[in-house]
Amino acid sequence: MKTRNLRSPVAALTLALLPAFLPLPVLAQDASTPPLAETVVTATRNPLPLSAAMHHTTVISREDIERSQASDLITLLQREAGLQRTQNGGVGTVSSVFLRGAPSLQTLVLVDGVPLNKQDASGAVSLEHLMLDNIERVEIVRGNVSAIYGSGAIGGVIQIFTRSGAREPAAQLSAEVGPRATRKLAAQVSTQVGDTAISAGASRFRTDGFSSVDPAQFAGANPDADGYANTSLNLSLTHQLAPRHQVGVRLSRSVGDTDYDNAYGAATDVQTSSTRISHATLFSDSTWGDWRSRVSLSEQSDRSRTSDNGAFGSDDGFRTSAMVFSWVNTIALGDNWLATAGVERQWQRVATQTTSAFGAPYDVKRNAKALFAGVEGALGPGRVQLNLRLDDVGDLSETTGYLGYSLPITSQFKLLASTSTAFNAPPLGYLFAPGFGNPNLQPETARSQELGLQFERGTHLLRATWFDTRVTNQLDFDNATFTFANLGRTSNRGLEMSYKGSLGETLLRAGLTLQDPTNEITGLALTRRAKTLWSLGASHTVAGVTLDADLRHTGSRSDRYADPATFAAVQTNLPSFTVLDLAASYALRKDVKLRARIDNVTDKSYQTVYGYNQQPRSLYLGLDWRPQF
């Protein structure tokens, strides 16, 4: 990364970090009421305080979700440091995320420990269909974690935890309306019956949408509005067999129906897509003395059907699924050390149907198995974490490792350093899709180094991380041969900062990412990755009204599209944008809350994908009812 590109951002980062080095008598919390430590699971597979995680990790709690009033996961994630969203239009359209510049193919997404990454030729995750009403929390772990989770975790892991039962009965009924005939209804209940905790929820979202394709860029696309409907369900049952032994089941399903625009069709063409995401998990969690054993058997499936009545249209069906068996064991080794070891087995499958003249159906399967182990504990004045993992994915075999060390400098500051390796196995569609697949593909491999500084005091947690990740055998589509290939060698170096804390009654959050995602072969910036990302947020309650503001910025970035007339690749540039969202809520009664939200307050016109406009200024009104038991 060139110094001249970082001079101003580094100055901004220095100013952002400066308060951490100065006395904070106004910000410090009363020592008599220390804050409850926020817990994270994903960083090591074991619960630990967020501030103790070696990886740069953030947590989005249920309270954070409700203050934001965001309806879907992809909208919520764009507020976080290092996360960049791209979307082909409004709610429900095809979306993806870049985590530290790593695309969805290199970012592992889990729901209650079940991987959602698809095995078809898209290699994506259907994040756009995951609504937030049934989600309890989200944990984001940045950087290589293949040594813990295996393939697909080069950029990191995003884990979604669905809502579970509570000891005290609770219920919530929510309704929301907005522009373009947008309406949402959601219900959630939880209780405990004897030794069984129960949670169940359902939501229905619908909007007439807007025409997302910009006619000045793709004149032939259908100018009609792109509607979307979503129905989501979840169920959690946990039964306590004994004080330290429990079994349970978790079920969830999300069905999204989307009208979308094909930029290469005619103005009369109609395109629709229906996607059904479901997962089911049976689990047991038992502890005997210092030994904890967690066993789970899960099945995940992502089914979609798309229809296009245009000249290039077809009726296509896709089903990608995985059954996953996992056994994780944790043993306490004295007071200061913890050892983890386990096995994992996956049965992966992708099956497609098509009427297109440009493709053919296929149905392929693959088995994957893994052994993993790790230790974490005190070493000298600091703490160390070591993880090793051996993965066999089909005919591929990869070993990955992670070594991290944290060293306290003072009671409030500590240094963190780590080195790690990662890999990403090609999806089945990349290997075997007729006409496009390449069975000779090699896995992507990566190496990362990180150096971080963390400050913790009272409610304040600030972390700055320098990272350097280099990927070889980058998977991409080769326009010369019209097949997938190991084309690239990429790198991304930069600085990342996240902050969460409070000033009096005001909750504060901030994120800053300065990065240089580069194709090492051509020397050009990687497509759609911004070099600068930042966000600022604040929540404050005054006179019974809770106000939440989020300001986020995405820098300029390159993009590439196919010319509608010649289908030749065209390089272009997407300008930077800054968007402000506001939300407010007020308790009319103890059990009734009124909500309001304005997205894109300044009515900023911007795109995250060339040719596809994002939502204009929109006002939403909602009502929550929580009956008192």
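**Figure 1. A look inside the largest cavity.** About 530 Å³ of space lies in the largest cavity of this predicted model. There are 36 residues lining that cavity, and the ones closest to its centre are Asp 72, Thr 75, Val 91, Asp 599 and Gln 615. If you sort the lining by residue type, you get eleven nonpolar, 14 polar and eleven charged residues. In total, the structure holds eight cavities of 30 Å³ or more.

**Figure 2. The elements around the largest cavity.** Which element gives the most to the lining of the largest cavity? That's β32, with four residues. The elements that each supply at least two lining residues are α3 (73–77), β4 (83–87), β12 (196–207), β29 (545–554), β32 (577–589) and β33 (592–599).

**Figure 3. The largest nonpolar core.** In soluble globular proteins, nonpolar side chains tend to be buried together. Here, the largest nonpolar core has 23 residues, and Leu 73, Leu 77, Leu 127, Val 138 and Ile 158 touch the most other members. Two or more residues of this core come from each of α3, β5 (95–99), β6 (107–111), β8 (135–142) and β9 (156–162). Helix α3 gives the most, with four residues. Zoom in on Leu 73: setting aside neighbours within four places in sequence, Leu 73 is in contact with Leu 127, Leu 130, Leu 132, Val 138 and Ile 160. Another core of 14 residues lies apart from this one, and its members include Val 59, Leu 110, Val 141 and Ile 148.

**Figure 4. Ser 51 in its loop.** You'll find Ser 51 in the loop between β2 (48–49) and β3 (57–60). Is Ser 51 buried or exposed? Ser 51 counts as buried because its relative accessibility is 13%, and the cut-off for buried is under 20%. Leaving out neighbours within four places in sequence, Ser 51 is in contact with Lys 414, Gln 454, Glu 456 and Leu 461.

**Figure 5. Two loop residues with positive phi.** Arg 100 sits in the loop between β5 and β6. Its phi is near 50 degrees, a positive value in a residue other than glycine. Arg 100 is buried, with a relative accessible area of 6%. Now turn to Ala 181, in the loop between β10 (170–178) and β11 (182–193). Phi of Ala 181 is near 55 degrees, again positive in a residue other than glycine. With a relative accessible area of 35%, Ala 181 is partly exposed.

Figure 6. Tyr 430, Phe 436, Phe 477, Phe 482 and Phe 484 form one aromatic cluster. The count of aromatic pairs comes to eleven. One of them joins Phe 477 and Phe 484 edge-to-face, at 5.3 Å centre to centre and with 80 degrees between the planes. Phe 477 is partly exposed, at 24% relative accessible area, whereas Phe 484 is buried, at 8%.

**Figure 7. A stacked aromatic pair.** Phe 577 and Tyr 606 are stacked, 4.3 Å centre to centre, with 25 degrees between the planes. What does this pair tie together? Phe 577 lies in strand β32 and Tyr 606 in the loop between β33 and β34 (607–609), so the pair links parts that are 29 residues apart in sequence. Phe 577 is buried, with a relative accessible area of 6%. Tyr 606 is buried too, with 9%.

Notes: Residues are numbered from 1 along each chain as its sequence is written. This is a predicted model: local features need pLDDT of at least 70, side-chain atom pairs count only at pLDDT 80 or more; totals for chains, interfaces and linings use all residues. Side-chain values use heavy atoms; hydrogens and water are left out. On a 1 Å grid over the protein atoms alone, a cavity is a set of points where a 1.4 Å probe fits but cannot get out, and a pocket is an open set with protein on both sides within 12 Å along at least five of seven lines; lining residues have an atom within 4 Å of a point. Grid points are joined across faces, edges and corners, and a volume is the space filled by probe spheres set on the points. Ala, Val, Leu, Ile, Met, Phe, Trp, Tyr, Cys and Pro count as nonpolar, Asp, Glu, Lys and Arg as charged, and the others, Gly among them, as polar. A nonpolar core is a set of buried Ala, Val, Leu, Ile, Met, Phe, Trp, Tyr and Cys residues joined through side-chain atoms within 4.5 Å. Buried means under 20% relative accessible area, exposed over 50%, partly exposed in between (1.4 Å probe, protein chains only). Contact means heavy atoms within 4.5 Å. Rings of Phe, Tyr and Trp (its six-membered ring) pair if their centres lie within 6.5 Å; planes under 30 degrees apart count as stacked, over 60 as edge-to-face and the rest as tilted.
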